[in-house]
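Here is a friendly walk through some side-chain and helix contacts. Keep the viewer open as you read.

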Amino acid sequence: MKKKSRMGSINVLLRPLVGVLVLFLASCTAMPTKHNVQGSEPNEAQQALQRGDSAFQAGDSGKALMEYVSALQADPKNIEIHYRIGATYEARGENQAARQAFQDALKINPAHVGAQEGLGLALMKLHQKKEAKTHLQRALAADPKRWRTLNGLGVVADLERNPEAAFGYYQAALKIKPNHPMLLNNLGYSRYLAGDYPAARSYFERVLAQDADNRRAWANLALVQVRQGNNDAGVAAFAEVLEPYQANNNVGYLLYKQGKLNEARHYLQRAVSLSPTYYAMAKENLARVDAASNSKPR
């Protein structure tokens with residue numbers, strides 16, 4: 001299989017795996033509904049809103065923002081414009097700006113379910129778990145069929161170490177979006193956190209069956225393989241998205257964290273041998289293994 005670019009969130013695996021991103025929120029932003037034009041001739045704000053919607057649908061978020069801001073100047077109390085601005089910032093990954101836009105929308109109408117959902121998801125990405133949960137619960141109470149809200153609440157439940165609640169949220173979301181790769185991935189990681197490794201593996205394999213290049217699923221499958229003692233299979237899974245020396249380093253570090261020092265040393269030494277002049281990270285991890293070995297009572 002041809003490896004995908006090493007750029008992107010998977011690069012956190014180049015560091016010790018304490019920060020690996022394997023559980024994630026809905027990144028596909030819901031497209032705001034089209035503005036209903038009243039009367040035969042749209043006014044200035046409505047025209048800008050329509051141009052912004054067209055740009056958003058075409059994938060030009062910069063132009064969409066420009067048009068939405070223009071619409072807002074003409075109609076500053078229009079909640080749908082505030083919401084569209086928030087949704088566009090969310091799609092761009094600008095979560096601070098998205099939070100502000102959604103908050104501005106809710107000042108106009110606290111019952112706007114899209115803004116509640118958007119604010120909850122933005123707050124989750126800003127690591128404000130408690131506040132995020134409040135807004136996501138409000139969104140779900142208003143509309144139980146919002147799959148992105150259900151996914152967000154599943155992530156919150158996993159962070160709260162409540163995998164059974166998380167499982168329920170993800171399953172409810174899957175009923176709305178069957179076989180969605182992100183939901184299957186999150187279900188798998190939730191099972192991984194719960195220690196149900198066979199179930200976790202089955203979910204990651206379901207993702208890969210429909211998207212063989214899914215980077216997060218390969219990384220997650222590697223975690224399960226190592227946890228189940230299939231270390232070489234873990235290297236192979238990591239190697240689908242990383243260089244071989246990086247894959248060996250990651251498996252070595254995982255084994256080190258499990259206290260399996262001799263096995264960890266084997267994979268870390270292999271990582272160094274595969275890239276002796278470049279891969280300092282494996283050398284650092286070998287030093288950790290040696291220090292841990294020397295500190296053990298004899």
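This is a predicted model: local features need pLDDT of at least 70, side-chain atom pairs count only at pLDDT 80 or more; totals for chains, interfaces and linings use all residues.

**Aromatic pairs**

The structure holds 5 aromatic pairs. One of them joins Tyr 83 and Phe 102 in a tilted arrangement, with 5.9 Å from centre to centre and 45° between the planes. Tyr 83 belongs to helix α3 (residues 79–91) and Phe 102 to helix α4, so this pair links distant parts of the chain, 19 residues apart. Both partners are buried: Tyr 83 has a relative accessibility of 8%, and Phe 102 has one of 1%.

Tyr 245 sits in helix α13 (residues 244–257), while Tyr 279 sits in the loop between α14 (261–274) and α15 (280–295), so the pair ties together parts that are 34 residues apart in sequence. Ring pairs also link Tyr 189, Tyr 192 and Tyr 197 into a cluster.

| Residue | Relative accessibility | Class |
|---|---|---|
| Tyr 83 | 8% | buried |
| Phe 102 | 1% | buried |
| Tyr 245 | 16% | buried |
| Tyr 279 | 4% | buried |

**A histidine in a loop**

Is His 112 buried or exposed? Its relative accessible area is 12%, and because buried means under 20%, His 112 counts as buried. His 112 lies in the loop between α4 (95–108) and α5 (113–125). Leaving aside neighbours within four places in sequence, His 112 is in contact with Ile 79, Glu 80, Tyr 83 and Leu 106. Tyr 83 is thus a contact of His 112 as well as the partner of Phe 102 in the tilted pair.

**Two helices side by side**

How do α11 and α12 run relative to each other? Helix α11 (residues 215–227) packs with helix α12 (residues 231–238) at an angle of about 170°, and their axes are 8 Å apart. Angles over 145 degrees count as roughly antiparallel, and α11 and α12 are therefore roughly antiparallel to each other. On the α11 side, the contact is made by Trp 218, Ala 219, Leu 221, Ala 222, Leu 223, Gln 225 and Val 226. From α12 come Asn 231, Ala 233, Gly 234, Ala 237 and Phe 238. By class, the contact of α11 with α12 has 9 nonpolar, 3 polar and no charged residues.

Conventions
Residues are numbered from 1 along each chain as its sequence is written. Side-chain values use heavy atoms; hydrogens and water are left out. Helices (H or I, at least four residues) and strands (E, at least two) are DSSP runs, numbered from the N terminus. Buried means under 20% relative accessible area, exposed over 50%, partly exposed in between (1.4 Å probe, protein chains only). Contact means heavy atoms within 4.5 Å. Rings of Phe, Tyr and Trp (its six-membered ring) pair if their centres lie within 6.5 Å; planes under 30 degrees apart count as stacked, over 60 as edge-to-face and the rest as tilted. Axes are lines fitted to C-alpha atoms, for helices over the stretch in contact, and angles run from 0 to 180 degrees between N-to-C directions. Angles under 35 degrees count as roughly parallel, over 145 as roughly antiparallel, 65 to 115 as roughly perpendicular and the rest as oblique. Ala, Val, Leu, Ile, Met, Phe, Trp, Tyr, Cys and Pro count as nonpolar, Asp, Glu, Lys and Arg as charged, and the others, Gly among them, as polar.
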